Amino acid sequence: MKSLHQLLIALPGGESPGAGTGTATPALKEQFPTISFPKLSPDGSRVAAVVQSLDQGQVVIVADLQRHTHVRIADRADVVTRPTWRDDRTVIYGRAEARREDILMRNADGSGEEIKIGTGMTSRAAAGAATGPRRACMR
């Protein structure tokens, strides 16, 4: 098992505002069997990642590296859920729905609702610093 603290130590640099799916959780108090696809925010203060929650399956979290806490921003993560940053405040990720993949966007602090920004058979979200966020969908 890996703790989020191990991830925080490995990256340069934890209490985000309350989340729509829960409140900020101290990073040192929760263990995750897996931590996948970590992405550092453009300002270097947070990490979005897919983690295996002991009681809720795979979920997307955003860890605040300064406060050493995290918030859960999405449930039902799967093999296409690879979070990336749109900007310092917004995370984009995918989710398999039936025979398609949706691209979703949510505030990094967990506030607000998920916003569906695209659908395709093989959707991928990417963010580029110079060119801004973009998405590609193959139908």
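**Entry 1: the E5 hairpins**

I started at a hairpin that joins E5 to E6 through three residues. A reminder to myself: this is a predicted model. I looked up the pairing of E5 (residues 46-53) with strand E6 (residues 57-64) and found eight bridges, running in the antiparallel sense.

Next I turned to the other partner of E5. Strand E4 (residues 35-40) is antiparallel to E5, and four bridges join the two. E4 and E5 also form a hairpin, this one with five residues between the strands.

I then followed one residue across. How many residues of E5 are buried? I got seven of the eight, so I wrote the strand down as mostly covered, taking buried as under 20% relative accessible area.

**Entry 2: the four-stranded sheet**

I moved on to an open sheet with the strand order E8-E9-E10-E11 and antiparallel pairing. Strands E8 (84-87) and E11 (115-120) stand at its edges; each has a single partner strand, so one side of each lacks a neighbour in the sheet. I noted an average twist of 30 degrees from one strand to the next.

Inside this sheet I looked at E9 (residues 90-97) and E10 (residues 100-107), which pair through eight antiparallel bridges. Here Glu 97 has Arg 100 of E10 as its bridge partner.

**Entry 3: salt bridges**

My count of salt bridges came to seven. I went through several of them.

Glu 97 turned up again, in a salt bridge with Arg 76 at 2.4 Å, N to O. Why does this pair tie together separate parts of the chain? Arg 76 sits in the loop between strand E7 (69-74) and E8 while Glu 97 is in E9, so the link spans 21 residues in sequence. Arg 76 is exposed at 52% relative accessible area, and Glu 97 is partly exposed at 22%.

Arg 100 came back too, in a salt bridge with Asp 102 whose closest N and O atoms are 3.1 Å apart. Asp 102 is buried at 6%, whereas Arg 100 is partly exposed at 33%. I also found Lys 116 joined with Arg 100 and Asp 102 in a network of salt bridges.

Last, I checked Asp 64 and Arg 67, a salt bridge with its closest N and O atoms 2.9 Å apart. Is Asp 64 buried or exposed? Asp 64 is buried, with 5% relative accessible area, while Arg 67 is partly exposed at 49%.

Conventions
Residues are numbered from 1 along each chain as its sequence is written. This is a predicted model: local features need pLDDT of at least 70, side-chain atom pairs count only at pLDDT 80 or more; totals for chains, interfaces and linings use all residues. Side-chain values use heavy atoms; hydrogens and water are left out. Buried means under 20% relative accessible area, exposed over 50%, partly exposed in between (1.4 Å probe, protein chains only). Two strands pair if DSSP finds at least two bridges between them. Axes are lines fitted to C-alpha atoms, for helices over the stretch in contact, and angles run from 0 to 180 degrees between N-to-C directions. A salt bridge is a side-chain nitrogen of Lys or Arg within 4 Å of a carboxyl oxygen of Asp or Glu.
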